[in-house]
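The following briefing sets out selected features of one chain, grouped by topic. Please consult the sequence and structure shown here alongside the points below.

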Amino acid sequence: MPELPEVEVVRRGLDAHIVGHRIAEIQVLHPRATRRHELGQADLEARLRGSRIVGTGRRGKYLWLTLDSGDAVVVHLGMSGQMLLGPVPNPGHLRIASILDDGTELSFVDQRTFGGWMVTEMAGEVPLPVAHIARDPLDPAFDRDGVVTVLRRKHSEIKRQLLDQTVVSGIGNIYADEALWRARVYGGRLASGLPRKQLAEVLDAAAEVMTAALAQGGTSFDSLYVNVNGESGYFDRSLDAYGRVDLPCRRCGAVMRREKFMNRSSFYCPKCQPPPRARRSATAAC
């Protein structure tokens, strides 16, 4: 699933090309693409046809287009959603086709059909369905110390908390592993057991690694993530933890490990990010 840098790359591309234009025509080609829009496909088409796009927004992994009506189109990219400008390379995966008033084709392509569009009202500066999502580390209003205070109250793994979008948004599995590696913290450690300074270092590392990824267009492991022009990001070549099982740690040379976590894979260095020592059982102590 695209994470914050990948979604921000898409938002910037859309912002540069479609803001100020009207949606002249729109057609939903797959019912799952509008399943989150409560009033259905026909209502979404009717509300978007003729609407002017006046802005774009993002919070964490959530992307939206702001309309002149005051509503917003929330775009769920899901596992494989793509917002593309121009001709679609694989028309068989085209789910929503629209044409802007200057003739530009704006398409939503989604091979696995987990994503989609919905039109919704705004709740302040974000769409209503996004109101519960916390700010992300790249948000100018992000309160790092406030998030540290929240984390100190969480008696669960620090990686689990990084993935909780109501605590801090935008961090997915890839960038959580990268941030924890940079901060030298094992993801299975309890957030409540880490000092404030170390928790702050994890959040700072997340901001640093996502900023670096953003500069390289995001992370791409296959053709399912591309920007609006169909180009892939290159940050996967710079990853220090994610996907590097059995390879030497770039910092200390120890062999990187992988373990299961929340139905995902976690990658870490056993030397730089040592797991807490297991307590000896009472039987063993006797």
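Helices (H or I, at least four residues) and strands (E, at least two) are DSSP runs, numbered from the N terminus. Helix H5 is followed by Arg184, whose phi is positive, near 60°. This is a predicted model, in which local features need pLDDT of at least 70, side-chain atom pairs count only at pLDDT 80 or more, and totals for chains, interfaces and linings use all residues. Residues are numbered from 1 along each chain as its sequence is written, and side-chain values use heavy atoms, with hydrogens and water left out.

**Helix H5**
- Of the 11 residues in H5 (173-183), 10 are buried, that is, under 20% relative accessible area with a 1.4 Å probe, protein chains only.
- Among the buried residues are Tyr175, Leu180 and Trp181.
- The cover over them includes H1, H4 (158-162), H6 (196-215) and strand E11 (264-268), where contact means heavy atoms within 4.5 Å.

**Sheet and packed helices**
- Five strands form an open sheet in the order E2-E3-E4-E8-E9, with antiparallel pairing; two strands pair if DSSP finds at least two bridges between them.
- E2 (53-59) and E9 (126-127) are the edge strands, each pairing on one side only.
- E8 (residues 116-123) is joined to E9 by two bridges, and Val126 in E9 is the bridge partner of Ala123.
- H1 (residues 4-18) lies across E2 and E3 (62-67), at about 170° to E2; axes are lines fitted to C-alpha atoms, for helices over the stretch in contact, and angles run from 0 to 180 degrees between N-to-C directions.
- H2 (residues 41-48) lies across E3, E4 (71-76) and E8, at about 60° to E8.

Notes:
Buried < 20%, exposed > 50% of the residue type's maximum accessible area, 1.4 Å probe, protein only.
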